[in-house]
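Work through the exercises below with the model open beside you. Try each task before you read its solution.

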Amino acid sequence: MTIPTHPQTERLDFQAEIKQLLDIVARSLYADNEVFARELVSNASDALEKLRHLQLTEHEVYEQDAPLQINVTTDPTAKTLTIEDSGVGLTRDELIANLGTIAHSGSKAFLEGLHADAAKPDHLIGQFGVGFYSAFMVAKSVTVYTRSWRPNEPGYVWASDGTGSYTIAEADNERRGARIVIELRDDCSDFASDWKIRDVLERHSVFVSFPIYLNGDRINTVEALWLRQKSEITDEQYAEFYRFQGHAYDTPRLRLHFAADAPLSLHTLLFVPETNPEKVGLPHGETGVALYSRRVLIDARPKDLLPNWLRFLRGVVDSEDIPLNLSREATQDRALVAKLKSLLTVRVLRFLDETASRQPQEYEAFYREFAQYIKEGAATDFSQRESLSKLLRYESSSTAPGTLTSFNDYVARMKPGQSEIYYLIGPSRRALESGPYLEGLRAHGFEVLFCFEPVDEYVMSNIINFAEKRIIAADHANVQLPSASTEAPAENEGANPDQPATESMDGLIAWLREMLGERVTEVVVSDRLVDSPVLAISTDRLTSPNVRRMMRAMNRAEGQAAVRVKLEINPRHRVIQRLDGARTTEPETAALIAQQLLDNALLSAGLLDDPAAMVARLNQILTHI
Ligand code: ADP
Ligand code: MG
């Protein structure tokens, strides 16, 4: 096909990212290259949705009476496929902005994914779709004839062969909307035959809510899936709808389809995707639940319809109570959306809770993929904190490695005499199990939740309580154990059962205070140590290992200051007992050991800032053998 030339044809370069994208798309051997048809039909449908909304909100629209529909025509002789809609069309600026730059989510995500995994472009095309540009998987050239809905805009023709540039020229006598003519590559010329494209459209475009005609035959029945009875819908139809509506290629792992009459009339169909969209590189904070009113799309990406932590959901909310010309400024409308948001939030939380109890395995699989959102909600959404806390899952000192437990189960297992919920934060289960903080709690049979992510500290300190039990960091100064020091310690290498406990540690404590000086706030006899000689406790929130690490990373003064801790000593431990003797018989070695013990404690606490100094001292101690 010859690209039409007009006296004022302009040639423009694609943005660099688009060139890169086109290059990959054109070379791709992506097996499902038929998805281009779905992408173009979905763009036509989007353009029609926008037009219908403009009409219903009393805008003056060019060709007011043109029927809202999609016409697909094939020409096997010319090897062309044409997809035409009477939607909003594009102005010259819109052609440049929307077809010449990376503006929309799908192709952006594709490129971001590509940076992460350059080896598999085909796989990525399958995962994200590349929108309009997917036409170049099958096209020698693509020509877009268009005229905007705005009454005083001229028509345009945009054309490109998918290499570095495209042309734009004014065009006369264009109808409103867009007509996309694809000149097919020889190896893809099947798409110019009626049977082939009919099969593709029947599979991929059943949910388009405008009539589609193929060479004059109507091929879809227009219906809104979310308004139908659950019993009439198959899993495959749900999945197909999810893909169509969410521009997705996966199969949703969970769905919630419900209707309500009071306090608002609602028809809602929500999905949880298979994979966490932010893990695969979709931009943070993109919402995927569209707002409709009686089947008319009000907003494809409404802000404030759902709390931010539910941004992983996809689907549709249709409420008759929402006005077509919903305005974010109007107080009344804002109140309505707020009400809708709280209804939806409560319903989704109930759904997740029910899933957790009825299908625990499905829930756990969901949680492993989407935990970040539940944590974010639990830490930030005060109004739903209780329900969100119930949905959290952690490993604990009572679970097998890799097995998760809930706060509810934890509370059910609490021992008589235990009044608090304990957690520890660390890089791994092994690190937490070998640290000194667990042993005292363990000796009492108290369970400790294991948290492996820095965000957990924020989550736990924001939840504060669960079932009226305080949630406490096991390495924090506030931990109060029921008089552990009176109990016999377990048999182990370090502890010395023959030796009476705390005969008097007063002398050693005074000596340690002097030796350690500014490095400690106090030195005390521990009631929680069993196997370890010493333990460091952060008394200040700012010296909690994670917060400190963050502060240091941000170069904040609070993180740079030398750490000061409360040091607890285990009077039953041989090292402590021998140190007590050595401080008079071998004062020099004892002094080194005192510093070393403190460093050991800091190391276990994740608070040691200067390992080099410690190694030097350790070597010095080793020479005393
Ligand atoms: P997306 O649909 O995800 O936004 P696409 O690459 O499919 O991305 O399309 C890019 C943009 O081009 C659309 O957002 C829209 O603004 C514009 N566009 C594409 N097809 C049409 C059409 N048939 N009518 C009007 N605008 C269109
Ligand atoms: Mg699109």
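**Exercise 1. A helix and its neighbours**

Which elements do the buried residues of α6 pack against?

Solution. This is a predicted model: local features need pLDDT of at least 70, side-chain atom pairs count only at pLDDT 80 or more, and totals for chains, interfaces and linings use all residues. Residues are numbered from 1 along each chain as its sequence is written, chains are lettered from A and ligands numbered from 1 in the order in which they are written, and side-chain values use heavy atoms, with hydrogens and water left out.

Step 1. Find helix α6 at residues 194–204. Helices (H or I, at least four residues) and strands (E, at least two) are DSSP runs, numbered from the N terminus.

Step 2. Pick out the buried residues of α6: Lys196, Ile197, Val200, Leu201 and His204. Buried means under 20% relative accessible area, exposed over 50%, and partly exposed in between (1.4 Å probe, protein chains only).

Step 3. Look down the axis of α6. Its buried residues fall within an arc of 120 degrees, so they line one face of the helix. The arc is that of the directions from the helix axis to the C-beta atoms.

Step 4. Read off the packing partners. They are α2 (35–56), β2, β3, β8 (212–214) and α7 (235–246). Contact means heavy atoms within 4.5 Å.

**Exercise 2. Salt bridges**

Solution. Step 1. Apply the definition: a side-chain nitrogen of Lys or Arg within 4 Å of a carboxyl oxygen of Asp or Glu.

Step 1. Take Glu376 and Arg311. Their side chains meet in a salt bridge at 3.0 Å, N to O. Glu376 lies in helix α9 (residues 360–380) and Arg311 in the loop between β13 (296–299) and β14 (314–318), so the pair ties together parts that are 65 residues apart in sequence. Arg311 is buried at 2% relative accessible area. Glu376 is partly exposed at 23%.

Step 2. Take Arg429 and Glu395. The closest N and O atoms of this salt bridge are 2.7 Å apart. Arg429 is in helix α12 (residues 429–434) and Glu395 in strand β15 (residues 395–396), so distant parts of the chain, 34 residues apart, are linked. Both Arg429 and Glu395 are buried. Salt bridges with shared partners join Glu395, Arg429, Glu433 and Arg442 into one network.Exercise 3.

What is the strand order of the open sheet of 5 strands, and which strands stand at its edges?

Solution. Step 1. The order is β10-β11-β14-β12-β13, with mixed pairing. Two strands pair if DSSP finds at least two bridges between them.

Step 1. Go to the edges. β10 and β13 each have a single partner strand, so one side of each is left without a neighbour in the sheet.

Step 2. On average they are turned by 20 degrees against each other, direction ignored.

Step 3. Zoom in on one pair. Strand β12 (residues 288–293) and β13 pair in the antiparallel sense over 3 bridges. Ser293 has Val296 in β13 as its bridge partner.

Step 4. Helix α8 (residues 331–358) lies across β10, β11, β12 and β14. It runs at about 130 degrees to β10. Axes are lines fitted to C-alpha atoms, for helices over the stretch in contact, and angles run from 0 to 180 degrees between N-to-C directions.

**Exercise 3. Backbone details**

Where in the chain do Lys79 and Glu468 lie, and is each exposed or partly exposed?

Solution. Step 1. Start with Lys79. Its phi is near 55 degrees, a positive value in a residue other than glycine. Lys79 lies in the loop between β2 (70–75) and β3 (80–85). At 31% relative accessibility, it is partly exposed.

Step 1. Move to Glu468. Its phi is positive too, at about 60 degrees, although it is not a glycine. Glu468 sits in the loop between β18 (465–466) and β19 (469–473). Its relative accessibility is 80%, which counts as exposed.

Step 2. Finish with a peptide bond. The one from Ala262 to Pro263 is cis, with omega near -5 degrees. Pro263 is in the loop between β10 (254–260) and β11 (266–272).

**Exercise 4. The whole chain**

How many helices and strands does the protein chain have?

Solution. Step 1. Count 20 helices and 22 strands.

Step 1. Turn to burial. Of the 625 residues in the protein chain, 52% are buried.

Step 2. Turn to contacts. Of those with a separation of 6 or more, 72% are between residues 24 or more positions apart.
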